[in-house]
Amino acid sequence: MRRIGLFLDVEPHLGGTFQYNQAVLHALAALPSAHFQVVVGYTSELWREYLGELPVESFRVRSGIIGRGVGYLWHRLDLPLGPWRAVNPLFHPMARDLLGKKCDLWIFPSQDTRGCEFPVPALIAIHDLMHRYESRFPEVGTPREFRIREKQYASICRWARGVLVDSRIGAAQVRESYGLQEERIHVLPFIAPPHAWNDSPPPGFDERYHLPEKFVFYPAQFWEHKNHARLVHAIARLKGDFPDLKLVLVGSLKNAYDGLVALIGELGLKDAVQFLGYVPDEDMPELYRRARALVMPTFFGPTNIPPLEAFAAGCPVAISDRYGMPEQAGDAALFFDPESVEAIAETVRRLWTDDALCAELVRRGTERAASWGQVQFGQRLQEIIETIT
């Protein structure tokens with residue numbers, strides 16, 4: 001009987017990372033009980049709602065203010081991690097809580113360095129290394145942010161028993177960046193989150209969102225790497241041919257939002273672009289269903305969750321041709337160069353005018369969503385666990 005622990009240290013507002021945590025939780029809960037016992041340690045009470053009646057042992061992990069303070073100071077002084085792993089169980093309640101469960105493996109699905117700090121057998125996710133591959137963007141490329149991320153991921157590769165990545169490209173980047181042995185890297189592609197499969201409008205949806213009859217859709221926080229500016233320029237190029245062209249954007253109104261609003265004003269597109277702000281998960285499937293297409297010009301990968309949500313909801317998809325995105329979407333999406341406003345505009349033109357193309361993309365996306373879902377995700381995670389325990 002293997003005891004498998006899951007460390008949940010992320011809250012629902014953190015989008016894709018939270019959704020990945022959910023997928024791992026449900027995969028572990030579905031493991032055969034004759035061979036596995038699952039222990040879930042969480043730091044936020046918000047997880048109680050999501051744990052529900054799942055057949056797992058769950059407990060609130062103590063935060064340990066003193067231990068966290070000493071750990072913060074240790075990292076600030078750039079002291080080696082090995083001695084910290086050895087001493088922190090002496091006074092850090094979080095370390096003692098995890099060690100006390102005597103698990104054969106702890107899974108850390110949030111790129112969490114605690115999997116390195118505590119002397120437990122750990123399987124830790126690395127979702128992206130864009131600080132190395134897209135360092136031109138300030139959200140990952142400032143000297144301080146680069147240094148923090150580099151130390152974090154190097155520590156994961158040094159101390160984790162295994163590393164989870166989202167794609168073959170993600171595995172290659174970890175090997176290239178940190179020299180990690182291939183047998184310690186395990187590919188576990190993302191899946192669409194549970195809410196993506198809801199097939200009816202939530203109560204009050206039309207009262208909350210007064211949507212255009214036809215629109216292009218892009219749900220993403222307003223970071224520079226999300227590349228909203230080139231998408232807006234592409235919309236401006238097309239407005240002369242398609243006066244009814246509309247773009248609907250979802251994401252908290254922060255980061256590069258003010259600059260984007262200014263650009264939209266300069267291009268005369270105030271009536272063509274609609275901002276919905278933060279949208280709860282339960283409303284997202286209906287937005288995908290009503291959209292003409294998801295157009296996602298992001299520079300970051302290797303892969304992303306919105307295309308998977310769109311596949312599940314029956315929305316045509318067009319995404320960047322970078323990193324692992326072609327691997328993720330296969331023949332179920334259109335691909336374009338995110339550097340090129342012209343390429344983005346031509347892709348939007350095709351989607352806006354070609355009903356047969358959109359219908360075919362929906363068909364292929366639906367098939368792709370059915371071929372890789374929670375069941376397959378769980379089977380793959382079980383294979384990984386059995387390999388490293």
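Me: Between which two elements is Lys 102 found?

Reply: Lys 102 is found in the loop between helix H5 (93-100) and strand S4 (105-108). Helices (H or I, at least four residues) and strands (E, at least two) are DSSP runs, numbered from the N terminus. The model is predicted, so local features need pLDDT of at least 70 and side-chain atom pairs count only at pLDDT 80 or more, while totals for chains, interfaces and linings use all residues. Residues are numbered from 1 along each chain as its sequence is written, and side-chain values use heavy atoms, with hydrogens and water left out.

Me: Why are S3 and S7 called edge strands?

Reply: Seven strands form an open sheet in the order S3-S2-S1-S4-S5-S6-S7, with parallel pairing. Strand S3 (57-60) and strand S7 (185-187) each have a single partner strand, so one side of each is left without a neighbour in the sheet. Neighbouring strands of this sheet are turned by 20° against each other on average, direction ignored. Axes are lines fitted to C-alpha atoms, for helices over the stretch in contact, and angles run from 0 to 180 degrees between N-to-C directions.

Me: What makes S1 and S4 a pair?

Reply: Two strands pair if DSSP finds at least two bridges between them. Three bridges join strand S1 (residues 2-8) to S4, so the pair meets the criterion. In S4, the bridge partner of Ile 4 is Leu 105.

Me: Which strands does helix H1 touch?

Reply: Contact means heavy atoms within 4.5 Å. Helix H1 (residues 15-29) touches S1, strand S2 (36-42), S4, strand S5 (122-125) and strand S6 (162-165), and its direction makes about 160° with that of S1. Helix H19 (residues 374-388) also packs on the sheet, touching S1, S2, S4, S5, S6 and S7, at about 165° to S7.

Me: What is the strand order in the sheet that contains S8?

Reply: Six strands form an open sheet in the order S10-S9-S8-S11-S12-S13, and the pairing is parallel. Strand S10 (273-275) and strand S13 (334-336) stand at the edges with a single partner strand each, so one side of each lacks a neighbour in the sheet.

Me: Why is the contact of Glu 339 with Arg 136 called a salt bridge?

Reply: A salt bridge is a side-chain nitrogen of Lys or Arg within 4 Å of a carboxyl oxygen of Asp or Glu. The closest N and O atoms of Glu 339 and Arg 136 are 3.0 Å apart, so the pair qualifies under that cut-off. Glu 339 lies in the loop between S13 and H17 and Arg 136 in the loop between helix H7 (130-133) and helix H8 (138-141), so the pair ties together parts that are 203 residues apart in sequence. A search of the whole structure finds 24 salt bridges.

Me: What makes a space a cavity and not a pocket?

Reply: On a 1 Å grid over the protein atoms alone, a cavity is a set of points where a 1.4 Å probe fits but cannot get out, whereas a pocket is an open set with protein on both sides within 12 Å along at least five of seven lines. Lining residues have an atom within 4 Å of a point. Grid points are joined across faces, edges and corners, and a volume is the space filled by probe spheres set on the points. The structure holds two cavities of 30 Å³ or more, and about 40 Å³ of space lies in the largest cavity.

Me: How is the lining of the largest cavity divided?

Reply: The lining of the largest cavity divides into eight nonpolar residues, one polar and no charged. Ala, Val, Leu, Ile, Met, Phe, Trp, Tyr, Cys and Pro count as nonpolar, Asp, Glu, Lys and Arg as charged, and the others, Gly among them, as polar. Among the residues that line the largest cavity are Gln 19, Tyr 20 and Phe 190.
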